[in-house]
Amino acid sequence: MAKTLKPHIVLFVEGDTDKVFFEALLVYYRTTSTTPINSCEVCNLQGVSRYSTKVMGKLENEILPNVRKKGFVVKAVCCSYDTDVFEFAERPVVDWNKVKRNIKCLGITHFCQIEVKSSIEDWLLADKEGISKFLKLKTIPPISGNSGNQKMMDFFRKAKRVYVKGRSVLEFISFLDLSKIRSTFKEPLSEFEVLLNVTLG
């Protein structure tokens, strides 16, 4: 009798900050879901344009062989990306239909996109209280900026600190209330949560 392979989800992200956030979110799901969640790995592509050039190679040459050796099968591929790059581009930075077609050619049945509007910093700023605690600010200061990144930089400036993408979030992720962020952005995370088998109250 053939062994049943356990489902595995691959989440591609575009940068260091996204990787730290989603890995923390997976820990939150594992500790709060009333149902066991599926196996999932977060793969950092280091740039949104690499969704067009790196995804297939990573899947074929690294992920699929490794996953199968461990008794899993890739059930779904999810791609998270900040929407700000797409909002102002004359031509689409990534042809998502092509990415989806290529992934299906590998026998992977599910493909989902997680749209992070407008950037991952906008999601992190859903818990300003947690960031204020990390920065040791007595109150949440008024912050300004045209983008999530600029707002985060201004937030850090108020505490005489410098915000560095990737590195800074590693320092403050444990101060964030992930239930608050997840609740605020429940809709863009909904398909991902279904694929993971997450059940939250």
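Buried means under 20% relative accessible area, exposed over 50%, and partly exposed in between, with a 1.4 Å probe and protein chains only as cover. The model is predicted: local features need pLDDT of at least 70, side-chain atom pairs count only at pLDDT 80 or more, and totals for chains, interfaces and linings use all residues. Residues are numbered from 1 along each chain as its sequence is written, and side-chain values use heavy atoms, with hydrogens and water left out.

**Whole chain**

Start with everything selected. The protein has eleven helices and four strands; these are DSSP runs (helices H or I, at least four residues; strands E, at least two), numbered from the N terminus. The radius of gyration is 18 Å, close to the 17 Å that the globule rule gives for 201 residues, so the protein is as compact as a globular protein of that length. The radius is taken over C-alpha atoms, and the rule is 2.2 Å times the number of residues to the power 0.38. Along the principal axes, the C-alpha atoms fill a box of roughly 65 × 45 × 25 Å. Of the 201 residues, 44% count as buried.

Now select strand 1 (residues 6-13), which pairs with strand 2 over six bridges. Which residue of strand 2 is the bridge partner of leucine 11? That partner is valine 42.

**Helices across the sheet**

**Backbone exceptions**

Most residues other than glycine have a negative phi, and most peptide bonds are trans.

- Select lysine 117 and serine 118: a cis peptide bond joins them, with omega about -15°. Serine 118 lies in the loop between strand 4 and helix 6 (120-124).
- Lysine 136, in the loop between helix 7 (128-135) and helix 8 (148-158), has a positive phi of about 60°. This lysine 136 counts as exposed, at 74% relative accessibility.
- Lysine 160, in the loop between helix 8 and helix 9 (167-172), has a positive phi of about 55°. With a relative accessible area of 79%, lysine 160 is exposed.

Conventions: Pairing = 2+ DSSP bridges.
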